[in-house]
Amino acid sequence: MGLKDKLQGSTTFIDTAPLIYFIEGHSDYQSILSEIFNANDKGDIQFITSTLTLMEVLVQPLRLKRKELVDLSSIF
């Protein structure tokens, strides 16, 4: 039984590191993160996080002036 199966139907808090690893495509974690993020997209798992996580994820793009990575209009 994989992580996705264990999380099936749950609401799960996700912290900053997995989000950053997923966004950056960190090779050590990408396969499992892709699996659980796809499950979240399909509604099999529901992720929740904090506003602090959102701020932490946005720090580097803001420093680099990468506005296209910071545009949240499609989320809200």
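Which residue's side chain does a polar contact of 3.4 Å join to that of Thr-16? Select Thr-16 and find out.

**Before you start.** This is a predicted model, where local features need pLDDT of at least 70, side-chain atom pairs count only at pLDDT 80 or more, and totals for chains, interfaces and linings use all residues. Residues are numbered from 1 along each chain as its sequence is written, and side-chain values use heavy atoms, with hydrogens and water left out.

**Stop 1: Thr-16.** The partner is Thr-53. A polar contact here is a pair of N or O atoms within 3.5 Å; within protein, one must be able to donate a hydrogen and the other to accept it, and residues adjacent in sequence count only if both atoms are side-chain atoms. Thr-16 sits in helix α2, residues 16–24. Helices are DSSP runs (H or I, at least four residues) and strands likewise (E, at least two), numbered from the N terminus. Thr-16 counts as buried because its relative accessibility is 9%. The cut-offs: buried is under 20% relative accessible area, exposed is over 50%, and partly exposed lies in between (1.4 Å probe, protein chains only). Show Glu-56 and Val-57 too: leaving aside neighbours within four places in sequence, Thr-16 is in contact with both, as well as with Thr-53. Contact means heavy atoms within 4.5 Å.

**Stop 2: Thr-12.** Move to strand β1, residues 11–13, to find Thr-12. Its relative accessibility is 19%, so Thr-12 counts as buried. Its side chain makes a polar contact of 2.9 Å with that of Ser-10. Residues up to four places away aside, Thr-12 touches Leu-7, Ile-45, Gln-46, Phe-47 and Ile-48.

**Stop 3: the nonpolar core.** Select Leu-7, Ile-14, Leu-19, Leu-33, Ile-36, Phe-37, Ala-39, Ile-45, Phe-47 and Val-57. These 10 residues are the largest nonpolar core. Such a core is a set of buried Ala, Val, Leu, Ile, Met, Phe, Trp, Tyr and Cys residues joined through side-chain atoms within 4.5 Å. Helix α3, residues 30–42, gives the largest share, four residues. Now centre on Phe-37. Beyond four places in sequence, Phe-37 is in contact with Ile-14, Pro-18, Leu-19, Phe-22 and Phe-47.

**Stop 4: the rings.** Ring pairs link Phe-37 with Phe-22 and Phe-47 in a cluster. Rings of Phe, Tyr and Trp (its six-membered ring) pair if their centres lie within 6.5 Å; planes under 30 degrees apart are stacked, over 60 edge-to-face, the rest tilted. The count is three aromatic pairs. Tyr-21 and Tyr-29 form a stacked one, 4.9 Å centre to centre with 15° between the planes. Tyr-21 is partly exposed at 30% relative accessible area. Tyr-29 is partly exposed at 37%.
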